[in-house]
Each structure stands twice: as structure tokens, then as C-alpha cells.
Amino acid sequence: MIAFALRLAVSGGRQAVARLLTIAAAAAVGVGLLLSTIAAVNAVGATNERMLWANSGAESRAETADVDPLWWRDRGPEFYDGKRLLYIEVAATGATSPVPPGLAKLPEAGEYYASPALAELIRERPADQLADRFPGRPAGEIGDAALASPDSLVLIGGQDPAALAARPDARRITTIATRLPDCRADCPATGTRGDAMTLILSVVAGALLFPVVIFIGTATRLSAATREQRYAAMRLVGATPRQITLIAGVESTLAAVVGTVLGFGLHLLLRPLVATVPFTGDRFFVEDLALTAPQALAVLLGVPLAAAVAARIALRRVTVSPLGVSRRVTPRPPTAWRVAPLLAGLAELAWFVGRRPHTTDGQTAAYLTGFLVVMLGLVVAGPWLTMASARAVAARTSRPATLIAVRRLADDPKAGFRSVAGLVLALFVTTATVAIIGTIDHSRGALSGDPQTRVAVEHGALAGEPPMAAAVPERVLAEVRAVPGFRGLATVHADPDGLVRNPADPPDWRAPVLALCSDLAQVPAVGHCAPGAEVAAVAAYGFLDLRSQEAVEWPSAPITAEAAARLPVQLLYATTDGSTAAKERVRTILSRAFPDQNTRTVQDWGSAQQQELAGWRQLADVVLLITLPIAGCSLAVSVVAGLSDRRRPFAMLRLTGAPLRLLQRVVGLESALPLLVVSVIAIGTGLGAAAMFLKSQMHYDLVPPGAAFFALVLLGLTASLGIIASTLPLLKRITGPEAARNG
């Protein structure tokens, strides 16, 4: 019977082959996109694992007796042009000192290994912008095993053991870390903060699943009426319901199996492209976009099985009786209970507001389930909403085309909604994604003012930390002022005697610092002095804030300019014209002069945040680019399938005198009415689900999307109506007299 079913599947001429190819193509596109999303989730974890070694000095570990200790020092946050640079200093004490991954051996004193991306920058950029910061000579490149991304900037420099041991923040280790450190905020872990990204990608993977399933299900219904009649004829000549079910299942499964295999191939072709999407701020290694065996097996078996089940459900009328196709009656109307799953999904998301699970797995299970139930609820409630809107329009219209369209929708709302289900889900997914990512972007904030024109040595500016130096050599100040693009320089002094400290402040409060008004006038972005003042008491955040403080007037300090100039230097603060060359030359001068301090620009302060936000925005673009084309294809296939299945009724209407333009308006209204009505509900539901997710997961209030989003939605709906209109010329070809005669 299976061999007969396979032969029957391809014996229907070009129409049968075209239908099988369409199903296979739908499955291939859906599977390829789904696998790519799952692989991206896996890549976040793989990225974190690659960087575990960098936490080797983050906490104290028991030493291994038979291993020579390795002196390890993390130079702290280094940057180049807004991109974070990991700089590790090491010094071996013997031949058995542990070697970090990516290195064949440890660097000798005066040598360093650089990641390929950093090595390229060192070669291409002038030495006074980057290379001069790293004493020694290059000994080679760091392998991929020690890098989170092909774009990672990592340098491991060799030092003299005695000199490195004298540094207060150096540690002796005998093992390279293979797990995250078990410590508090004073030993932060290095790596990608992937929990939130994993959660979002998991929800997106689930969200993409529904439009893909709708697309595949829609494709399997191509020529459904013709196949139903064929199967009914087979029932009349003695085929059993089980045999019909087997034949239908084999026919759909054949195309789905081919499409699934092609989907795996499409996933492999998409891997290099997906690897370039900076979900975590940097690209992925292609090999990190891997699938686990259970994931691959689940997709390989699940998609064909789903296609077989869809075929079984779609042809259930044929298996009831041989005459089931000929004696069609108006199906029972959907009831209001269909709204229950939608309300249940929203209620589940609402329940977790204020009750967020503590683990990432728990959060994924909670929010992913909620979003999937909401999407299922939209699909289930869609026919009832279509019927309700059709009946409302029918009571208020007298136009023939409108009456025919809404009566057909009211009689069979499931068929009417089926054609637009994919687009409705795409609108929900897009709305929720854009609202979530837009709110994150707004809440974490783009920088205001002109922050990228500032450079500051910030180490030592925090409360409880010692000043960076007793004084700054005039030679260093002269070198900074000589940099092309230099704008201003302020020497900021500590307040060791607490002259401007408020006694009511807590002991760990960031104490104000002192700045000469003559210096402060050179860096107006920080603020200005009161009229007639010589020294200002500047809050610590005034030099560290990401926003411009130009309008702020700082209070005067009870000290003369001469006395303040003799106080220890807390930090240096320089401004430039904003060019990369000027900023990096200033940074290099200060890094060489004060190697134990961290030199950061305001751009660096916001770089990690901005990269993360760029990743969120990139993800929103990915969702738009994936869901809307899938929904458009689903809509086109569904409308064409509906026209093909109803060609005999339309042909009969044309024979009775109905003009072709009337029938075209009927078809257009049948698709446009459920599309517009349920789309409004889908957008509102997407905003509501996003608001509850943001409040529960991130404690953010929803920031509604801007006019650009609604313009995009309007453009998408207009394109969808255009897709519907593009199928209308088929009516003339498929509703001729031969269609009425042959059925």
C-alpha cells in the first residue's frame, strides 16, 4: 500500500508534482530557519564556554602540588575604539605551569600573543594609537579555542615572574578555569552575559515555529478539494478509511521528508550568514552554530510527523463516508469558548508579574509557554473572531459582493481565517518583539549630548580607591596637548581631608573630587564653576556619567587653586575632536605613563551596553525579515489554494450572470476582512504580552513602538492586500465553462 501511495503521489501530472514541490519548499524554508534559531541559542552557550579560561584569576583556588604556579594578572577593562580588549599578563615559574587554551606555550617575558583580530589592528593602525600600549614583541596568534568570537580582541603578555608577583592584583594559579567563578561582585566573570539572550532567542524560536507550521499546513492543503474527491472515489470502489489515511499521510510525509532534508541543507548554507549576526555584540564562530543530536532528531522526525497529522485532520471528512465530499453542509459555527486559550495565555504571563522564576531555565519555561499559548489562542480564536466580524458587517451592508463575502465567512469562518493565520501570527510576533526590544533600548538608553569626544582615566576615581598619582609629570601633559585633535585637559584632585564631603553621606558614598576652574573651563562637557570660584567640588559621576553635564554648575570648594594643585591626582580628563586617532593617541600616552590605571572613553563606558542594544535591534530585524516573508508566502499559497478548490462554485456563478469583477471583490473581501480585524487584535495582544514580559522579567514599563513601526505594519498590510489582489486574475482562467462542466 505504501508503494501504491508513493506512485499515486507523483502520478497526477504537473499539478501533483507542483503541489509536492511546494510542500517540500515550505518545509525546507521552515526547517532551515528553525534550525538556525536553535543553533543560535546553542551558540550563546558555546561562546560563554570559550571564555571560561579568562576567569582563572578571578577567585582563589587550591593549588595543585605537582604543577608549577603561574602568575596571572587581568589588566582590567581595556578598550580600542569602543571595543573591549582583554589583556592578561602571565609569568611562568616552571616548565609545568598551566597554559591557557589557544596557546601552544606560554609567552616569555617581553613577548605577547594576540588574537587574530587584535593582531591585524596592531599591524594596520599606527603604533602610537595601539601597539605602544603593549611592551614586547609579538610571538604569535591566539587560537580560536580561547576566543568568544572572530572579532574578539585578546592579548596575553609575558612578564618577569618577580615583577608580576610584586603587583598587588596578581594571583598564583595552578589550574585554568573551566567554570564561572564562585564569588561576589569583586571578581566579575569574563564572558558573554547570555542568560537574557538565551531567553529571548528561545522565545523567538518558539514564535517562529507557529508561522512555519502554518505555512507547511497551508501548503499541504493545495488542491485539497481535488484530492478529497479522488479519495472519496477510492472509498466508493472499496478502499478502507485506514487505507485512505495511509495514502494521504504518505503523500504529505513524502514531501515533508524531502523538505526536511533540504531544510538541513539550507541550515548549513545559512550558518555563515547567521554567524555574522551580532546577537551578543560580536559574531559567532560558524562551528558554534551546532545542533545537539536530540534537537536534530526531534526536527527530523517531528516535521514529517506533523505533516502527516495535518493531512489526516484535513481529510477527516473523506474517511467518514464515501459520500462525505459530495454532501457537504455548513459546518457548525465556532463558539465563544475559542477565546479561552488566548485569555489563558495572557493570564499565565500576567501571573508571573512579580513572580519571576529565579533560573534561566525556569524563566524560559514560564515565558515561552505563555507566548506559545497566546499564539495558539490567536489561531484558535481566529475563526470565532472572523465569524463575529462577518456577522456584524452583514447586518450593516447591502452591497452584493460584500453580502456574498461575509455570508461565506460567517458560514465557514475557519476557511476564511486559515488564509491569513500566518500573517496574523507574524504580526503578533513582530509587535511583541519590537515592543520588547524597543523598550529595552529606551530603558537602557542611548547616550545623549556628544559623549564620544571625551577621554578619561577613570581608575581611582571611585570612593575608597587611592589616587592614581601624587602628581602628573609635565612631559605627559605636554604629550597629551600635542595630540592632533586635542581639545582640553583637566587634572582632577582627590580630597583626602574631606573638605567638600558631606558628613551625612554614608561611608561608602562616592566622595566629590576637586577641579581647578581653569581646568574645568577646558572641558565644558563636565560642567562649570560658579562665578568667581577658583576650585569646584565635582561629584564623582560628573566625570564618569555617560551624559553631558555642560549645564551643571558645581559648588565652590573651600580651598585655593594653589593648595588644590598640590593635592594627589585622582584622575586625568581629556577631550578631543572625537576622531578615533585622537582618542586612541591620548589613551596610549596615558596607558604608557600609568600602566596600572585604566584609560576609558565615555564611548567605552557605554560600549558594552550599546553593543547589547545593537544585538537586540538586530534580532528585531531578523524577526521581521523571517516572519513577514513566511506569512506572505503562506497568504499567497492559501488564497491560490482557496481559488483552486472553489473554481466550480465560482464558475457556476459566472454562468448565472455574475460579472467577473463581482467575484474578484468577493474573494478580496473574504481575505481582507479577517486579515484586518484579527490583525488589530494580534497587535493589541502582542503589546499586552510584551508589557507583561517586560514587567516580570526586567521590571520595565512598556514603551509603545513609534510611528515607524505602525508605518511598517501599514506597509505590510498593504503588501498583503497586494498579494491578495495579485491572485485575482486567476479567477478568469479557472472559472471558465469547462470548470463548471468538469468540476
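A disulfide is a pair of cysteine sulfur atoms within 2.5 Å. The model is predicted, local features need pLDDT of at least 70, side-chain atom pairs count only at pLDDT 80 or more, and totals for chains, interfaces and linings use all residues. Residues are numbered from 1 along each chain as its sequence is written, and side-chain values use heavy atoms, with hydrogens and water left out.

**View A. The disulfide of Cys517 and Cys529.** The structure holds one disulfide, with the sulfur atoms of Cys517 and Cys529 2.1 Å apart. The torsion about the S-S bond is about -105 degrees, so the disulfide is left-handed. Cys517 lies in helix H15 (residues 517–520) and Cys529 in strand S11 (residues 528–529), twelve residues apart. Helices (H or I, at least four residues) and strands (E, at least two) are DSSP runs, numbered from the N terminus. Cys517 is buried, at 12% relative accessible area, and Cys529 is buried at 15%; buried means under 20%, exposed over 50%, partly exposed in between (1.4 Å probe, protein chains only).

**View B. Helix H7, residues 241–275.** Its 35 residues should span 51 Å at 1.5 Å a residue, and the end C-alpha atoms are 48 Å apart, which agrees. The expected span is 1.5 Å times one less than the number of residues. H7 bends by about 35 degrees at Leu269, and Pro272 follows within four residues. The bend is the angle between axes fitted to the seven residues ending at a residue and the seven starting there.

**View C. Leu301 in helix H8.** Leu301 is exposed, with a relative accessible area of 53%.
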